[in-house]
Amino acid sequence: AFVVGVHLGLVAGFQGATSCRREGLWLLAVVFLGWLVELVFVSFGQLLHEPRADALFGVPFWLLLLWLAFGTTFRFSLMFLRDNKVLAA
């Protein structure tokens with residue numbers, strides 16, 4: 001969670017508040033999509049987690065934080081592909 005806070009702070013500092021809001025919405029979407037993926041895997045029996053109090057419908061909180069950290073890697077790590085369509089393909 002600390003790393004994501006630093007990430008959003010850097011985005012706000014370098015690119016402005018609008019970009020920070022967009023990044024925050026993107027991170028929420030990634031966490032929601034990751035939660036759905038994990039929920040499908042759990043419901044079909046592909047993943048088994050011990051029942052815990054901090055789980056959200058069978059998905060542990062630490063796994064949602066992992067999806068959150070994963071969401072921070074997309075936008076800026078692949079920015080160099082924005083101008084080169086051939087390399088992006």
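Student: Let's start with L48: buried or exposed?

Tutor: First, this is a predicted model, where local features need pLDDT of at least 70, side-chain atom pairs count only at pLDDT 80 or more, and totals for chains, interfaces and linings use all residues. Residues are numbered from 1 along each chain as its sequence is written, and side-chain values use heavy atoms, leaving out hydrogens and water. On relative accessible area, buried means under 20%, exposed over 50% and partly exposed in between (1.4 Å probe, protein chains only). L48 has 76% relative accessibility, so it counts as exposed.

Student: Where is the place of L48?

Tutor: Helices are DSSP runs of H or I with at least four residues, strands are runs of E with at least two, and the numbering goes from the N terminus. By that scheme, L48 sits in the loop between α2 and α3.

Student: How far apart in space are L48 and V59, C-alpha to C-alpha?

Tutor: In sequence, L48 and V59 are 11 residues apart. In space, going C-alpha to C-alpha, the separation of L48 and V59 is 9.4 Å.

Student: V59 makes me curious about E38. Which residues is E38 in contact with, leaving aside its neighbours within four places in sequence?

Tutor: E38 belongs to helix α2 (residues 17-43), and it counts as buried because its relative accessibility is 8%. Contact here means heavy atoms within 4.5 Å. With those sequence neighbours set aside, the partners of E38 are L47, H49, V59, L63 and W67.

Student: What kind of aromatic pair do W67 and F70 form?

Tutor: A pair of aromatic rings is described by the distance of the centres and the angle of the planes. Rings of Phe, Tyr and Trp (its six-membered ring) pair if their centres lie within 6.5 Å, and planes under 30 degrees apart count as stacked, over 60 as edge-to-face and the rest as tilted. A search of the whole structure turns up 2 aromatic pairs. With 5.9 Å centre to centre and 80° between the planes, W67 and F70 are edge-to-face.

Student: And how are W67 and F70 separated in helix α3?

Tutor: F70 is partly exposed, as its relative accessibility is 41%. W67 and F70 are 3 residues apart in helix α3 (residues 61-71), so their separation is about one helical turn.

Student: Which residues in α3 are buried, and what arc do they cover?

Tutor: The buried ones in α3 are L63, L64, L68 and G71. They lie on the same side of α3, because the arc they cover around the axis (taken from the directions from the helix axis to the C-beta atoms) is only 150°.

Student: Over to F2, V6 and L10: how much accessible area does their nonpolar patch have together?

Tutor: F2 is in helix α1 (residues 2-15), and it counts as exposed because its relative accessible area is 68%. Accessible areas come from the Shrake-Rupley method with a 1.4 Å probe, and for residues only the protein chains shown count as cover. Together, F2, V6 and L10 come to about 330 Å².

Student: How far apart in space are F76 and V11, C-alpha to C-alpha?

Tutor: F76 is in helix α4 (residues 74-77), and its 28% relative accessible area is why it is partly exposed. Although F76 and V11 are 65 residues apart in sequence, their C-alpha to C-alpha distance is 9.6 Å.

Student: Last one: what pattern does the protein chain follow?

Tutor: The secondary structure comes to 5 helices and 0 strands. Read along the sequence, the pattern is α-α-α-α-α.

Conventions. Patches are made of residues with over 30% relative accessible area and no salt bridge: like charges are joined within 9 Å, nonpolar side chains (Val, Leu, Ile, Met, Phe, Trp, Tyr) within 5 Å. A salt bridge is a side-chain nitrogen of Lys or Arg within 4 Å of a carboxyl oxygen of Asp or Glu.
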